[in-house]
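Please look over the sequence and the model first.

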Amino acid sequence: MNGLKHRKAAWMAMAGTLALGGAVVARAQAADKTVWTGVYTADQATRGAAAYAESCASCHGESLAGIDVAPPLTGSGFLNNWNNTSAGDLFTRIKTTMPLNAPDSLSGRTVSDIEAYLFQANGFPAGEIALPPSPPMMANVKIVAQKPAG
Amino acid sequence: MFDLSRRRLLGGTAATVAMMAIGTRTAAAPLRGADGPDTEWRHYAADQANTRYSPLDQISADNFADLEVAWSFKTDMLGARKEYQFEPTPLLVKGRLYLTAGSRRDCIAIDAATGELLWMHRLDEGRRALNSPRQLSGHGCSFWTDGTSERVLYVTNGYQLVSLDAATGIPDPAFGTNGIVDLKQNFDQELDLETADVGLHATPLVARDTVVVGAAHSAGDVPAVRKNVKGYVRGFDVRTGRRKWIFHTIPKKGEYGYESWLNGDADEAGNGGVWAEMSADEQLGLVYVPVELPTGDEVGVFRRGNALFGESIVALDFETGVRKWHYQLVHHGLWDRDIPCAPILCDIPVKGRMVKALAQPTKQAFLYVLDRETGKPIWPIVERKVEAGDVPGEWYAPTQPFPTKPPAYDVQGVTIDDLIDFTPELRAQAIELVKNYKIGPLYTPPVVSKPGRWGTITNPGIQGGTNWPGGCYDPETHMVYVYSKSQPGVIGIVPNTNEKVSEFPQVHGIAGVAPRPQTAMGSESAAAFRPPLMPGAAPTPGPGGPPAQPRPGGQAAAGPPPGFLAVQGLPLLKPPYGRITAIDLTKGDLTWQVAHGETPDNVRNHPALKGLKIPRTGRAGNLGPLVTKTLVICGEAGFYTNEYGIRGAMLRAYDKATGEEKGAVYMPAPQSGSPMTYRLKGKQYIVVAIGGGNYSAELVAYRLPGGGS
């Protein structure tokens, strides 16, 4: 499967980074890794859309616009609330508190799929490597509301 | 306080000398009111009138920016997981703060001087709580005393009313069963205790020896069932928990209001709850109850007619539950204009005499001002013709009530003039975008969603305007202060044939996206409705889901899906996105208005706006302001990144006479519950609940540095 291939690629990239040592890790983290650099795959976002419909849409709405007691997950309010945090922060928030009736019930893979879908819905581009299913592996992916210049 | 008193006793030590040498203004001169008595805050919004007013003036325009964190209280350890939507305002009685907190909504007592936890009460309600339509910490608790006994009352996630001894947090054995009244029982309807769709965020309201409790339900955009729980309101004996009365917000046959429903629709309709805070006037013996819509937030096919008491303020005798008067703000509402907050009780001068009035902030940004003895408008409220829509089976009210005074305090409806105009290009794109929607004035009806006309842009959106925090009121100057947001939404109506999704033939949605069931906060019962989903299977929503939908207005593929209103990621309408308005009730006029909140990051940093000087836009959210002797105080909604690159939000103070900003203090997260204030041992504190995004819930107390004790 395509997604599997991407995940494999992600793992290989990480393994390579680890093998090359700390200095390289530091450089990799500093290399403009934001949500604008393609941090999820289109396949992943498609899976995420299904998982969103299953576990999130009844409160946050089909169009992710929110209701009185559930905040919007797209648009200015959402982006500003998460601007300058990391993909790992958002992952942790979803994983540990959502859905309200069964927090921590979604697998890490499902949560990263849902997060990929949120990124897609907010206009961040897809890329070649899937969002990993674990927050420490995306702590270096910065959520930036505006596409950095250049 | 104790520490500083001791320091004073040690006067002349090196430490004290060093402190004096630094010579802070506050250390040199005693703080204003430092010798005044301790004050209290015994109700959610200060008093039963819901003024959120305090005459304290130690914290003033001159020193607001000097505020320091006195203490803070993280709620992470309450409940099985962290909470990020922390909405309470604490009560203050005899030096202790009482509030609900944490993801399980525990009730706690905190030392108001130090933030130390004194006691906590928790009720593990299992699935009953997880199925609730209103979860997390809620708005707080209530206090009652007869001068001897002191009780703290709150409603749990699972909809049980608990009465605790204020001294110990131990349930009162004389109240209900071991201190608990099961609110799903004795409700004039048979309910499943574990799954029934009813809960409550709001605090119970204590009026003399009666505690009044409302009801809240799942959002009704895609109502699962026609015959949902009816949101009746009840009064209980505060000593015993005995039900004293029940008021049928959806009248039964033969009761007043039943005839306002066509075809006997009242028999089967549900909802009609009172999820907002309430007010009470103990002199008049009345409780003021803001009622929401019957089932169907945007579709009224099963509640034809004006359908009392939907979207009405109802005045009830709080001893008997007998209706004294009512006033319907919206007839047969189709815009989810549930009355979201308590009416503010205010005695105002009208034509040379003082009138007992009330002022009701709303989602639609009208402040309705009524005589609270009679329900008659203070200034004329006129019925105006409104347009009918095209939804099959819908019933349309021919007119809606429009207050002539005060003017609306936020933008109502949408015209081309209201669209974003930072640059001609953005305006042009906005014009293109709205061509794909129906626009018009307030009460433009929802329409059937179809490609190229996805729905009606409603402004304010279904979350208001003003929402649950409500406003505040200065009884000395007769000014109301209210926060509102300008955040339009889309109401499209789509047909539904899947009874497992909804028993409604028409639901709120966007053409091309199959409606999903909407049940209690994603409760377990929803799973029964859901089609099975195999791992890795194609998505079950409509073809492709929202991101794959055709784009309105020929936007780039990365643009928002239909139903989402943005232009290059910027809000569709002109700023301000959030504002505070001062409304003079002696005249019925707006006195000042200020954009509240620093400009959002994505606007400040937007490439299309480079080089433009944009005045502060404010930010959108749900906020309740506090008014003191001289200031209006309110935290910001949502995060922004400040000039130091630090995320957070500001607690801001405005001169209440002019709206001029006088100071601001950093908070690590946005205001999530409305602030309150008190003086304790000579020091004024401001306490506010914050949290959101990646910052979990925290109660923060601010006070001035040094001196004053």
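The buried residues of α5(B) pack against β24 (456-458) and β29 (566-567) of chain B (contact: C-beta atoms, placed from the backbone, within 7 Å). This is a predicted model: local features need pLDDT of at least 70, side-chain atom pairs count only at pLDDT 80 or more, and totals for chains, interfaces and linings use all residues. Residues are numbered from 1 along each chain as its sequence is written, while chains are lettered from A and ligands numbered from 1 in the order in which they are written.

**Helix α5 of chain B**
- Helix α5 spans residues 424-434 of chain B, where B:Gln429, B:Ala430, B:Leu433 and B:Val434 are buried (20 or more other C-beta atoms within 10 Å; exposed, 12 or fewer; partly exposed, in between).
- These buried residues fall within an arc of 130° seen down the axis of α5(B), so they line one face of the helix.
- B:Pro424 and B:Glu425 are exposed, on the other side of α5(B).

**Helices α3 and α7 of chain A**
- The axes of α3 (residues 42-55) and α7(A) in chain A come within 7 Å and cross at roughly 100°.
- That makes α3(A) roughly perpendicular to α7(A) (65 to 115 degrees).
- Residues making the contact include A:Ala45 and A:Tyr52 of α3(A), and A:Ile114 and A:Tyr117 of α7(A).

**A:Ser134**
- A:Ser134 sits in the loop between α7 (108-121) and β2 (142-143) of chain A.
- A:Ser134 is partly exposed, with 15 other C-beta atoms within 10 Å.
- A:Ser134 and A:Gly88 are 46 residues apart in sequence and 7.5 Å apart in space, C-alpha to C-alpha.

Conventions:
Helices (H or I, at least four residues) and strands (E, at least two) are DSSP runs, numbered from the N terminus. The arc is that of the directions from the helix axis to the C-beta atoms. Two residues are in contact if their C-beta atoms, placed from the backbone, lie within 7 Å. Axes are lines fitted to C-alpha atoms, for helices over the stretch in contact, and angles run from 0 to 180 degrees between N-to-C directions. Angles under 35 degrees count as roughly parallel, over 145 as roughly antiparallel, 65 to 115 as roughly perpendicular and the rest as oblique.
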